[in-house]
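Trainee: I would like to learn how to read a model of this kind, one feature at a time. Where should we begin?

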Amino acid sequence: MTQFLQSCHMLGLAIGLCTFLIIGLFHPVVIKSEYHFGTRCWWVFLLLGIVALAASILIADVFWSAVLGVTAFSSFWTILEIFEQRERVRKGWFPRNPRRNDYD
């Protein structure tokens, strides 16, 4: 697939599209994760980021290595965003989970 994308001069476009989709996917994941689990799920994103980063280093194909690299760093960024989402919930910008009382 990478050879086809390179021969059509669309490899950068495909990586850009995947980056857009990955970042777009992580946005609702942050909101839902904080709502259901609070900030205690940050380690899952750390683990996902480490695995994706290692896979990105090990894979020789440029397309998949780039997609995994974007996934890794989006996962690392999600850790920060989960803690910031908690603050957004405290400010009333997002709904708080009535079953959890760890916003104090």
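Mentor: Begin with a definition: a salt bridge is a side-chain nitrogen of Lys or Arg within 4 Å of a carboxyl oxygen of Asp or Glu. The structure holds 4 salt bridges by that criterion. Keep in mind throughout that this is a predicted model.

Trainee: How far should the prediction be trusted, and which element has the lowest mean pLDDT?

Mentor: Where pLDDT is low, the predicted coordinates should not be read in detail. Here the protein averages a pLDDT of 92, and 98% of the residues score at least 70. Among the elements, the lowest mean pLDDT, 77, belongs to α1, while α3 has the highest, 98.

Trainee: Back to the salt bridges. Which residue pairs with Glu81?

Mentor: Side chains of opposite charge can pair when their charged atoms come close. Glu81 meets Arg88 in a salt bridge with an N to O distance of 2.7 Å. Both of these residues are buried; for Arg88 the relative accessible area is 19%, which is under the 20% limit for buried.

Trainee: What other salt bridge does Arg88 form?

Mentor: Arg88 also pairs with Glu84, and their closest N and O atoms are 3.4 Å apart. Because they are 4 residues apart in helix α4, about one helical turn separates Arg88 and Glu84. Glu84 is partly exposed, at 32% relative accessibility.

Trainee: Where does Glu87 find its partner?

Mentor: Glu87 forms a salt bridge with Arg90, the closest N and O atoms being 2.8 Å apart. These two are 3 residues apart in helix α4, so about one helical turn lies between Glu87 and Arg90. Glu87 is partly exposed at 33% relative accessible area, and Arg90 is partly exposed at 34%. Salt bridges that share partners join Glu81, Glu84 and Arg88 into one network.

Trainee: Now the surface. Which residues make the nonpolar patch?

Mentor: The patch covers about 570 Å² and is made by Trp42, Trp43, Val44, Leu47, Val51 and Phe83. Helix α3, residues 42–58, gives the most to it, with 5 residues. Phe83 sits in helix α4, residues 62–90. Phe83 counts as partly exposed because its relative accessible area is 30%, which falls between the 20% limit for buried and the 50% limit for exposed.

Trainee: How should I read a backbone angle, and what is the phi of His9?

Mentor: Most residues other than glycine have a negative phi. His9 is not a glycine, yet has a positive phi of about 55 degrees. This residue is found in the loop between α1 (2–7) and α2 (11–37).

Trainee: Is His9 buried or exposed?

Mentor: His9 counts as exposed because its relative accessibility is 73%, and the cut-off for exposed is over 50%.

Trainee: One more case, from α1. Is Thr2 buried or exposed, and which residues does Thr2 touch?

Mentor: Thr2 lies in helix α1 and counts as buried, because its relative accessibility is 9%. Leaving aside residues up to four places away in sequence, Thr2 touches Leu11, Asp61 and Phe63. Thr2 and Phe63 are 61 residues apart in sequence, but their C-alpha atoms are 6.2 Å apart in space.

Conventions
Residues numbered from 1 in each chain as written. Predicted model: local features only at pLDDT ≥ 70, side-chain atom pairs only at ≥ 80, totals over all residues. Heavy atoms only, no water. Buried < 20%, exposed > 50% of the residue type's maximum accessible area, 1.4 Å probe, protein only. Patch = residues over 30% accessible without salt bridge, like charges linked within 9 Å, V, L, I, M, F, W, Y side chains within 5 Å. Areas by Shrake-Rupley, 256 points an atom, 1.4 Å probe, with all protein chains shown as cover. Contact = heavy atoms within 4.5 Å. pLDDT = per-residue confidence, 0-100.
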